[in-house]
Amino acid sequence: IDDAGRGPVIGPMVLAGVLISQDIENEFIKLGIKDSKQLSPKKRRTLADEIKKLSVATHEVSISAGEIDGVNKDNLNLNQREAVASAVIINKLSKLNKTKEKIKVIIDCPSVNINSWKSYLEKFLVAKTSLNIICEHKADINYVVVSAASIMAKVRRDSEIKKIKQDIGIDFGSGYSADPLTIKFIKD
């Protein structure tokens with residue numbers, strides 16, 4: 001599991017999970033799958049199609065900027081919100097596991113306190129005993145399957161941003177707070 005668009009000012013944050021059989025890891029490496037930030041948009045879209053074909057399943061959860069800002073008054077901070085979304089992905093993909101083996105879940109952890117975040121995540125998991133959960137910083141660089149999730153999340157976020165731009169008829173950039181075009185759009 002990895003995210004794209006963490007803390008956006010426009011558009012959603014998207015989390016994606018990719019479930020693969022272990023033998024697919026080498027196929028992902030051969031395809032050149034790596035962290036989405038290291039790939040062009042065109043390459044990400046091409047790889048996303050390959051990831052879907054080779055995976056047992058993929059699943060994405062989109063979290064709106066309003067939800068991040070607490071519009072639904074659930075009092076969740078960003079890390080908690082990401083843990084709940086990760087649990088949704090894990091629960092969904094776990095149901096699709098056809099083997100009796102434990103699922104190795106690798107998450108690019110958003111929190112500085114990995115153990116606390118992992119404990120919070122586990123509160124929302126349905127089948128904890130069938131899971132081996134690994135939470136790490138830089139997992140999107142260290143594990144090709146998390147790189148694949150990074151690509152899926154980024155492609156979905158890019159698609160959502162494109163829809164917003166088409167709806168309003170204005171190019172506001174990436175929707176990230178550091179983007180000069182986004183800043184200009186917000187000011188104007």
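Predicted model: local features only at pLDDT ≥ 70, side-chain atom pairs only at ≥ 80, totals over all residues.
## Helix H7 and its partner H2

Let's start with helix H7, which spans residues 144-168. One of its partners is helix H2, residues 41-54, and the axes of the two come within 9 Å. They cross at roughly 120 degrees, so H2 and H7 are oblique to each other. If you turn the model to look through this pair, you will find a left-handed crossing.

Which residues make the contact? On the H2 side they are Arg44, Arg45, Leu47, Ala48, Ile51 and Lys52, while H7 brings Ala148, Ile151, Met152, Lys154, Val155 and Asp158. Sorted by class, this contact of H2 with H7 holds 7 nonpolar and 5 charged residues, with no polar ones.

## Helix H7 and its partner H1

Helix H1, residues 24-31, also packs against H7: their axes come within 9 Å and cross at roughly 60 degrees. That angle makes H1 oblique to H7. The crossing of H1 with H7 is left-handed.

Here Glu25, Phe28 and Ile29 of H1 touch Val144, Val145 and Ala148 of H7. The contact of H1 with H7 is made up of 5 nonpolar residues and 1 charged residue, and no polar residue takes part.

## Helices H4 and H5

Another pair to look at is H4, residues 78-95, with H5, residues 114-122. The two axes come within 9 Å and cross at roughly 50 degrees, which means that H4 is oblique to H5. Is this crossing left-handed or right-handed? The crossing of H4 and H5 is right-handed.

From H4, the residues in contact are Asn79, Gln80, Glu82, Ala83, Val84, Ser86, Ala87 and Ile90. They meet Trp117, Tyr120 and Leu121 of H5. Taken together, the residues of this contact divide into 7 nonpolar, 3 polar and 1 charged.

## The largest pocket

Now for the open space. The largest pocket has a volume of about 670 Å³. Its lining counts 27 residues, and those closest to the centre are Leu19, Ile20, Ser21, Ile103 and Lys104.

Which elements give two or more residues to this lining? They are strand S2 (13-19), helix H4, strand S4 (103-108) and helix H7. By class, the lining of the largest pocket has 16 nonpolar, 6 polar and 5 charged residues.

## The second largest pocket

The second largest pocket holds about 320 Å³ of space. It is lined by 18 residues, and Asp2, Asp3, Ala4, Lys37 and Asp140 are the closest to its centre. Strand S1 (2-4), helix H6 (139-142) and H7 each give two or more residues to the lining of this pocket. The largest share comes from S1, with 3 residues.

What classes of residue line the second largest pocket? They divide into 10 charged, 4 polar and 4 nonpolar residues. As you move between the two pockets, H7 is a handy landmark: H7 gives two or more residues to the lining of the largest pocket and two or more to the lining of the second largest pocket.

Terms used
Residues numbered from 1 in each chain as written. Heavy atoms only, no water. Axes fitted to C-alpha atoms, helices over the stretch in contact; angles between N-to-C directions. Helix = DSSP H or I, 4+ residues; strand = E, 2+ residues; numbered from the N terminus. Parallel < 35°, antiparallel > 145°, perpendicular 65-115°, else oblique. Left-handed = near helix turned anticlockwise from the far one by under 90°. Contact = heavy atoms within 4.5 Å. Nonpolar A, V, L, I, M, F, W, Y, C, P; charged D, E, K, R; others polar. 1 Å grid on protein atoms, 1.4 Å probe; cavity = no way out; pocket = protein on both sides within 12 Å on 5 of 7 lines; lining within 4 Å. Points joined across faces, edges and corners; volume = space filled by probe spheres on them.
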